Amino acid sequence: MKNSNEVNMAENRIKDEEVAKHTIKDSIFTNLFQDKKYLIQLYRTLHPEDTEVTEEELSDITIHNIMTNDVYNDVGFMVGEKLLILTEAQATWTENIAVRILIYLMVTYQDYIRKTKQNVYRSKKIKLPRPELYVVYTGDRKERTEYISLADEFFGGQDAFLDAKVKVLYGSDEGDIISQYVAFTKVYDEQRRLHGRTRKTVTETIRICKDKNVLKDYLEEREKEVENIMLAMYDEKEILLEYIESERYEAARGEAKEAATQMLKDGQLSVEQIAKYFSNLTVEDVKKLQEELLQSV
């Protein structure tokens with residue numbers, strides 16, 4: 001049986017995990033653009049001039065969490081063999097995104113070179129798709145920088161042999177898929193402030209967004225799936241916290257039983273009197289302890 005200190009430490013670890021885990025907003029972002037119906041809307045928002053591209057020309061190149069160093073990104077895709085787009089959703093502002101996306105790019109290039117059977121160690125120049133790097137920023141920020149530059153942020157803006165420019169997308173009021181996603185995150189944040197990390201926050205977010213025509217098709221087509229994605233985090237924590245409460249209760253009963261046993265040994269109080277000292281022990285519990293004590297003599 002765990003003691004109360006171990007139970008408290010377990011509860012603190014769970015609270016820490018809640019901060020460390022990927023947010024609901026990240027999960028929805030990834031799930032949304034796994035569907036080419038919405039992925040092509042993302043591409044057309046980024047490239048409204050390209051009206052000829054079809055869903056069939058889009059191929060997923062998202063880096064999933066299957067590597068030993070845990071490199072992964074939210075969304076990556078190619079348009080034919082010409083364009084490589086890496087997109088990350090970010091609720092907290094950080095210049096480190098330039099470093100992370102550069103890592104995504106290098107890992108993606110490595111995979112592309114392998115799949116196209118090219119060899120960087122030969123003299124013949126290899127072919128690479130042109131990259132575009134984006135971050136969708138959903139937090140509140142007065143200063144809206146258009147780009148985050150690796151050279152500017154990490155090398156003092158000096159001419160550098162290495163640079164990566166990440167375009168920051170904030171959404172607008174035009175109703176495009178990026179703006180709808182950003183609006184979805186704002187509704188979720190508002191509901192979380194009102195109701196905390198509860199099921200009501202999830203259901204209200206979905207209801208309000210459908211009423212406001214924010215990701216309405218996606219939410220109506222996949223409402224149960226979206227609920228499951230958003231609630232999975234809560235369900236896991238509810239189970240763990242219930243387990244912790246159970247462990248805490250059992251630990252407290254264990255300590256009470258030890259104290260009651262010692263009081264029985266002292267012989268100064270009756271079973272009924274001892275039971276009154278403990279809110280988590282009944283007279284029957286103390287009688288059972290007394291029987292066990294007599295059997296051990």
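Me: Is phenylalanine 29 buried or exposed in this one?
Reply: Phenylalanine 29 counts as buried, because its relative accessibility is 1%. Bear in mind that the model is predicted.

Me: And phenylalanine 33, buried or exposed?
Reply: Buried as well, since phenylalanine 33 has 4% relative accessibility.

Me: Where do phenylalanine 29 and phenylalanine 33 lie?
Reply: Both are in helix 2 (residues 24–34), four residues apart, or about one turn of the helix.

Me: How many aromatic pairs turn up in the whole structure?
Reply: Six. In one of them, the ring centres of phenylalanine 29 and phenylalanine 33 are 5.1 Å apart with the planes at 70 degrees, so that pair is edge-to-face. Phe29 and Phe33 also form one aromatic cluster with Tyr181.

Me: New topic. Which residues touch the most other members of the largest nonpolar core?
Reply: Phe33, Phe77 and Met230, out of 40 residues in that core. Helix 6 (residues 177–195) gives the most to this core, seven residues.

Me: What is methionine 230 in contact with, leaving aside its neighbours within four places in sequence?
Reply: Its contacts are Ile24, Ile28, Phe184, Tyr188, Val202, Thr205 and Ile206.

Me: Now helix 11. Which residues are buried there?
Reply: Val286, Leu289 and Leu293. They cover an arc of only 55 degrees around the axis, so they sit on the same side of helix 11.

Me: What is exposed on the other side of helix 11?
Reply: Glu284, Lys288, Leu294 and Gln295 are exposed there.

Me: Last one: what sits over the ring of tryptophan 93?
Reply: The charged end of arginine 141, at 3.8 Å from the ring's centre.

Methods. Residues are numbered from 1 along each chain as its sequence is written. This is a predicted model: local features need pLDDT of at least 70, side-chain atom pairs count only at pLDDT 80 or more; totals for chains, interfaces and linings use all residues. Side-chain values use heavy atoms; hydrogens and water are left out. A nonpolar core is a set of buried Ala, Val, Leu, Ile, Met, Phe, Trp, Tyr and Cys residues joined through side-chain atoms within 4.5 Å. Buried means under 20% relative accessible area, exposed over 50%, partly exposed in between (1.4 Å probe, protein chains only). Helices (H or I, at least four residues) and strands (E, at least two) are DSSP runs, numbered from the N terminus. Contact means heavy atoms within 4.5 Å. The arc is that of the directions from the helix axis to the C-beta atoms. Rings of Phe, Tyr and Trp (its six-membered ring) pair if their centres lie within 6.5 Å; planes under 30 degrees apart count as stacked, over 60 as edge-to-face and the rest as tilted. A charge sits over a ring if NZ of Lys or CZ of Arg is within 6 Å of the ring centre and within 35 degrees of the ring normal.
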